[in-house]
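Here are some notes for a first look at this structure. Please read them with the model open.

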Amino acid sequence: MNRNDIVQRRLWVIFYFCLAFLRLFRKKLSGFATAFECMDGRVHGASRKWAKRNWLVAHVDIITQKGMVRVLAENSNVPILENIKDMLWTSIKDHGSRRIIIAAHQKCAGNPISDQEQIAQLYQAKETLGAMIASFPLSSLGIKPSDIEVALLWVNKKWMPERVCLPQKHAVAA
């Protein structure tokens, strides 16, 4: 065996040792989150990755609708809202989801308004979802509405999610 073969073999041993070591400290993903998004497929990966990185969930139930933020903010299309409510209940009850994303994005064909108007709609959408969550029989699951976290995301022109923080007047009392 020549010197290069020995060096190469040692490098492979070091590589596999490092790989095994890193696996010991890898964060385990578990559970579900739920994402409410536009049907635009460019948004789905961004919110899914955000949920996995920030909440360490393994799976994300994605509930889509053309102009989802508008539909939730306007809170007037009863058939669509009932369908959304049913899907949310399934995600909470059957998948154990306790974390929810509402995502909006720039240049939305289903909600062609300014970015600032869409961000304002995110707050209204959160109120609509809050009312839906409060109407569920959560006590049968041993949880209460405050156990469910809702994050508002803005997916920017680079298709990267940014968390939208609630101003004080929109902050939900705990």
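1. Which residue of strand 3 does Thr 34 stand opposite? Thr 34 stands opposite Ile 100. The model is a predicted one. Strand 1 (residues 32-37) and strand 3 pair in the parallel sense, over three bridges.

2. The sheet as a whole is open and has five strands, in the order 2-1-3-4-5, with mixed pairing. Strand 2 (59-64) and strand 5 (161-164) are at the edges; each has a single partner strand, so one side of each lacks a neighbour in the sheet. On average, and ignoring direction, neighbouring strands are turned by 30° against each other.

3. Six bridges link strand 1 to strand 2, again in the parallel sense. In this pair, Phe 36 is placed opposite Ile 63 of strand 2.

4. Two helices pack on the sheet. Helix 2 (residues 41-55) touches strand 1, strand 2, strand 3 (99-105), strand 4 (149-155) and strand 5, and its direction makes about 145° with that of strand 3. Helix 5 touches strand 1, strand 3, strand 4 and strand 5, and its direction makes about 155° with that of strand 3.

5. Strand 3 also pairs with strand 4: the two run parallel and are joined by seven bridges. Here Ala 104 stands opposite Trp 154 of strand 4. Strand 3 is mostly covered, with six of its seven residues buried.

6. His 105 belongs to strand 3. Is His 105 buried or exposed? Its relative accessibility is 1%, so His 105 counts as buried; the cut-off for buried is under 20%. Leaving aside neighbours within four places in sequence, His 105 is in contact with Cys 38, Asp 40, Val 43, Gln 118, Trp 154, Val 155 and Trp 159. One of these, Trp 154, is the residue that stands opposite Ala 104.

7. Helix 5 (residues 115-135) also meets helix 4 (residues 78-95): their axes come within 11 Å and cross at roughly 60°. Helix 4 is therefore oblique to helix 5. The crossing is right-handed.

8. Which residues make the contact between these two helices? From helix 4 come Leu 81, Ile 84, Lys 85 and Leu 88, and they meet Thr 128, Leu 129, Met 132, Ile 133 and Ser 135 of helix 5. By class, this contact of helix 4 with helix 5 has six nonpolar, two polar and one charged residues.

Conventions
Residues are numbered from 1 along each chain as its sequence is written. This is a predicted model: local features need pLDDT of at least 70, side-chain atom pairs count only at pLDDT 80 or more; totals for chains, interfaces and linings use all residues. Side-chain values use heavy atoms; hydrogens and water are left out. Axes are lines fitted to C-alpha atoms, for helices over the stretch in contact, and angles run from 0 to 180 degrees between N-to-C directions. Helices (H or I, at least four residues) and strands (E, at least two) are DSSP runs, numbered from the N terminus. Angles under 35 degrees count as roughly parallel, over 145 as roughly antiparallel, 65 to 115 as roughly perpendicular and the rest as oblique. A crossing is left-handed if the near helix is turned anticlockwise from the far one by less than a right angle, and right-handed if clockwise. Contact means heavy atoms within 4.5 Å. Ala, Val, Leu, Ile, Met, Phe, Trp, Tyr, Cys and Pro count as nonpolar, Asp, Glu, Lys and Arg as charged, and the others, Gly among them, as polar. Two strands pair if DSSP finds at least two bridges between them. Buried means under 20% relative accessible area, exposed over 50%, partly exposed in between (1.4 Å probe, protein chains only).
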